[in-house]
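Take a look at the model below.

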Amino acid sequence: MLHEQLRAKTQLYHENIEKKLDLMNPTLRLDRYRALIERLFGYYNPFEDILAQCLIGKCPELDFESRRKLQALKQDLTFLGLNDSQIASLPRCQKLPEPANAEEALACLYVIEGATLGGQFLAKHFRAHLQLEANRGCAFFSGYREMTGPRWRQFLHTLNSVSPTEESLGRLTAISIQTFVSLENWCCPKVL
């Protein structure tokens, strides 16, 4: 199955970003959390549009529009004290993967949807350590709430319907890795 191949090939990149972000650290403060949400907004804002160009109309069963996270990030930023003008002026990531087709966009989305699944554990941590809730600063990490598991399985079904050749598997793996690397480079600057 494609998701198992991508998981095996990207595991080190996944572990690396988790280690660098260190979000389960009990000393994480609200100002660092807010800085991360700002960075995530700057990443998801352009990247979701890139993915939409490849996926909308080509994978209708996925319902990509309902998987966008930008509105949740805006909700979190508003709760954390930013106004619309401040949100609009946040920097945007310029070095993003550029999928050439729906299959490559799905390989990118593997990283994004996997982060949504993992966000469930982080949301519990942020609830306990930062007193954040899904509707109070933690909408992004709360994902699809009780539907996160079923929506992950739905995504895997779509992803696993791709039957890559050896050559295309190499491209799918490479763009998944690019997604991890670009996300890490954007979200883990020295100042965060």
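## Pocket, core and a buried glutamate

Helix H5 gives the most residues to the lining of the largest pocket, nine of them. This is a predicted model. The other elements that give two or more residues to that lining are H1, H2, H6 and H8. The pocket holds about 780 Å³ of space. Its lining has 28 residues, and His14, Glu18, Gly114, Ala115 and Gly118 lie nearest the centre. The table sorts the lining by residue class.

| Class in the pocket lining | Residues |
|---|---|
| Nonpolar | 18 residues |
| Polar | seven residues |

Next, the core. The largest nonpolar core has 61 residues. Tyr33, Leu40, Tyr43, Leu55, Phe126, Phe141 and Phe155 have the most contacts inside it. Several helices give two or more residues to this core, including H1 (2-21), H2 (30-55), H3 (70-79) and H8 (166-187). H5 gives the most to this core, with 13 residues. In soluble globular proteins, nonpolar side chains tend to be buried together.

What does Leu40 touch, not counting residues up to four places away in sequence? Its partners are Leu73, Phe140, Phe141, Leu183 and Cys187.

Now the glutamate. Glu48 sits in helix H2. Glu48 counts as buried because its relative accessibility is 4%, and the cut-off for buried is under 20%. Beyond its neighbours within four places in sequence, Glu48 is in contact with Phe64, Arg67, Arg68, Lys69 and Leu70. Glu48 and Leu109 are 61 residues apart in sequence, yet 9.4 Å apart in space, C-alpha to C-alpha.

Note on methods. Residues are numbered from 1 along each chain as its sequence is written. This is a predicted model: local features need pLDDT of at least 70, side-chain atom pairs count only at pLDDT 80 or more; totals for chains, interfaces and linings use all residues. Side-chain values use heavy atoms; hydrogens and water are left out. A nonpolar core is a set of buried Ala, Val, Leu, Ile, Met, Phe, Trp, Tyr and Cys residues joined through side-chain atoms within 4.5 Å. Buried means under 20% relative accessible area, exposed over 50%, partly exposed in between (1.4 Å probe, protein chains only). Helices (H or I, at least four residues) and strands (E, at least two) are DSSP runs, numbered from the N terminus. Contact means heavy atoms within 4.5 Å. On a 1 Å grid over the protein atoms alone, a cavity is a set of points where a 1.4 Å probe fits but cannot get out, and a pocket is an open set with protein on both sides within 12 Å along at least five of seven lines; lining residues have an atom within 4 Å of a point. Grid points are joined across faces, edges and corners, and a volume is the space filled by probe spheres set on the points. Ala, Val, Leu, Ile, Met, Phe, Trp, Tyr, Cys and Pro count as nonpolar, Asp, Glu, Lys and Arg as charged, and the others, Gly among them, as polar.
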